[in-house]
Amino acid sequence: MKRDVEPNMCYRDVRRFSLNFLLAVLVLCSVPVHASSEKSGLEGITWRLVELGGAPFAPLPGGQDPFILFDSEKKTATGFAGCNHFFGSYRLAGQSLTFGPLGMTRRACPEPESAVESKFQDALAKTTGWSIENGTLRLTADGNVLARFAMSQEERSDADLESLRFRSTVVRS
């Protein structure tokens, strides 16, 4: 059985499909991608170490204490581990948090800075989760708190109380 098909008919259908496909691609490409990159509450804030391995953190003799800063745009974590500065990637998905390989400066470290740095690196390597409660960031693994951080005083004075309440509420829900 032979079909009578107009030769231009298939061409018009393909052309119409191609134009619709191109239009759909253009529309999708114009949608802002920023909706999924909303700040989580931990990003863009300098977090100062207050507890490590279940023990309160005592200030170091050198005057600079460990901290961490999460950059939401670059998905990088930077900070100070006790003697050396570190940098590397992180992955954040809901309450899940993991760190990629971290690079670090290599200064020789005296005690107690060396011991603090080693524990700090270990805590970051083991981290699988996070939460913020009452303005305190907790890094966790298997339900255990590995380290606690407080928002730095500079950040605290700049942040409004409502955003702190919101961050604390997000964790509880």
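1. C109 is partly exposed, with a relative accessible area of 24%; here buried means under 20% relative accessible area, exposed over 50%, and partly exposed in between (1.4 Å probe, protein chains only). C83, at 3% relative accessibility, counts as buried.

2. The model is predicted: local features need pLDDT of at least 70, side-chain atom pairs count only at pLDDT 80 or more, and totals for chains, interfaces and linings use all residues. Residues are numbered from 1 along each chain as its sequence is written, and side-chain values use heavy atoms, with hydrogens and water left out.

3. C83 and C109 are joined by a disulfide, with an S to S distance of 2.2 Å. The criterion is a pair of cysteine sulfur atoms within 2.5 Å, and by this rule the count is one disulfide. The link of C83 and C109 is left-handed, with -100° about the S-S bond. C83 lies in the loop between β4 (76-80) and β5 (85-93), and C109 in the loop between β6 (96-104) and α2 (113-126), so the pair ties together parts that are 26 residues apart in sequence. Helices (H or I, at least four residues) and strands (E, at least two) are DSSP runs, numbered from the N terminus.

4. Strand β7 (residues 129-133) is mostly covered, since four of its five residues are buried. Strands β7 and β8 (residues 136-141) run antiparallel and are joined by five bridges; two strands pair if DSSP finds at least two bridges between them. G129 stands opposite T140 in β8.

5. The hairpin of β7 and β8 has two residues between the strands, and N134 takes a positive phi near 55° there.
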